[in-house]
Amino acid sequence: RDGTDIPHRQLYPTHCNRNPWLFAEAIEWGRAGGWVDLTTSSFPDLLDDGERLAADALVALLAAGVPVDRISFSSDANASLPRFDGEGRLIELRCGQIGSLWQEVVAACGKGVALETALAVVTANPARALGLASKGTLGVGQDADLLLIDPDTFAIERVMSGGRWRT
């Protein structure tokens, strides 16, 4: 960001929890008013090179003073997640899972993050970052995307998308 006239709002870096140096940069970027997006499609058995699970990264960003309204989660749903050996050869290919968004929201709550804070990183914040005015909040003229969750277990019981209940 130094040495450029590009405003913070023009850049939306993602995968900021993939390694320690990138995460350190994300803390500075977020404190300066930039967006910080954390991928939730991480696999705990593959957490090498210092990658953090999104819930852990959210807790660390909040503790470091990054405003919650500048943090989002994304899933890389259905995208390829390759893993390479030390020689650069592909050794495994997995697929990002959309369910990882909710898993990391629940995990963040289990680490002391308030539910409304954890929800904001998957609803209002990414919608605002991407300029999706009809998404991310509830109100007249909004798209009516809802989750009904069990308050005790956080299990998703029903989903409404675009004002229609889905099965």
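Reply: Let's settle one term before anything else: a residue is buried at under 20% relative accessible area, exposed at over 50%, and partly exposed in between. Asp145, with a relative accessible area of 32%, is therefore partly exposed. Keep in mind as you look that this is a predicted model.

Asp145 has a partner, Lys135, and the two form a salt bridge whose closest N and O atoms are 2.8 Å apart. Both residues sit in the loop between α5 (124-129) and β5 (146-149), so this pair ties together parts that are 10 residues apart in sequence. Lys135 has a relative accessible area of 33%, so it counts as partly exposed too.

That is one of the 6 salt bridges found in a search of the whole structure. As a general point, side chains of opposite charge can pair when their charged atoms come close.

Now for Arg18, which is linked with Glu51 and Asp76 in a network of salt bridges. With Glu51, the side chain of Arg18 meets at 2.6 Å, N to O. This pair brings together distant parts of the chain, with Arg18 in the segment before α1 and Glu51 in the loop between β1 and α2, 33 residues apart. Arg18 is partly exposed because its relative accessibility is 23%. Glu51, at 15%, is buried.

Asp76 lies in the loop between β2 and β3 (80-84), so its bridge to the segment before α1 ties together parts that are 58 residues apart in sequence. With a relative accessible area of 22%, Asp76 is partly exposed.

The buried residues here are Phe23, Ala26, Ile27, Trp29 and Gly30. Why do they share one side of α1? They cover an arc of only 170° around the axis, which puts them there together. Trp21 and Arg31 are exposed, on the face turned away from that buried side. What do the buried residues pack against? Their partners are β1 (36-39) and α2 (54-63). Just after the helix, Gly33 takes a positive phi of about 105°.

Phe23 also turns up in the largest nonpolar core, which has 24 residues; those touching the most other members are Phe23, Val36, Leu38, Leu58, Leu61, Ile71 and Phe73. At least two residues each come from α1, β1, α2, β2 (71-74) and α3 (99-110), and α2 gives the largest share, 6 residues. The general background is that nonpolar side chains tend to be buried together in soluble globular proteins.

If you skip neighbours within four places in sequence, its contacts include Ala26, Trp29 and Gly30. Leu61 and Ile71 are also among them, as are Pro13, Cys16, Arg70 and Ser72.

So, back to your request: start with the network of Arg18, Glu51 and Asp76, then look at Lys135 with Asp145.

Technical notes: Residues numbered from 1 in each chain as written. Predicted model: local features only at pLDDT ≥ 70, side-chain atom pairs only at ≥ 80, totals over all residues. Heavy atoms only, no water. Buried < 20%, exposed > 50% of the residue type's maximum accessible area, 1.4 Å probe, protein only. Helix = DSSP H or I, 4+ residues; strand = E, 2+ residues; numbered from the N terminus. Arc of directions from axis to C-beta. Contact = heavy atoms within 4.5 Å. Core = buried A, V, L, I, M, F, W, Y, C linked by side-chain atoms within 4.5 Å. Salt bridge = Lys/Arg side-chain N within 4 Å of Asp/Glu carboxyl O.
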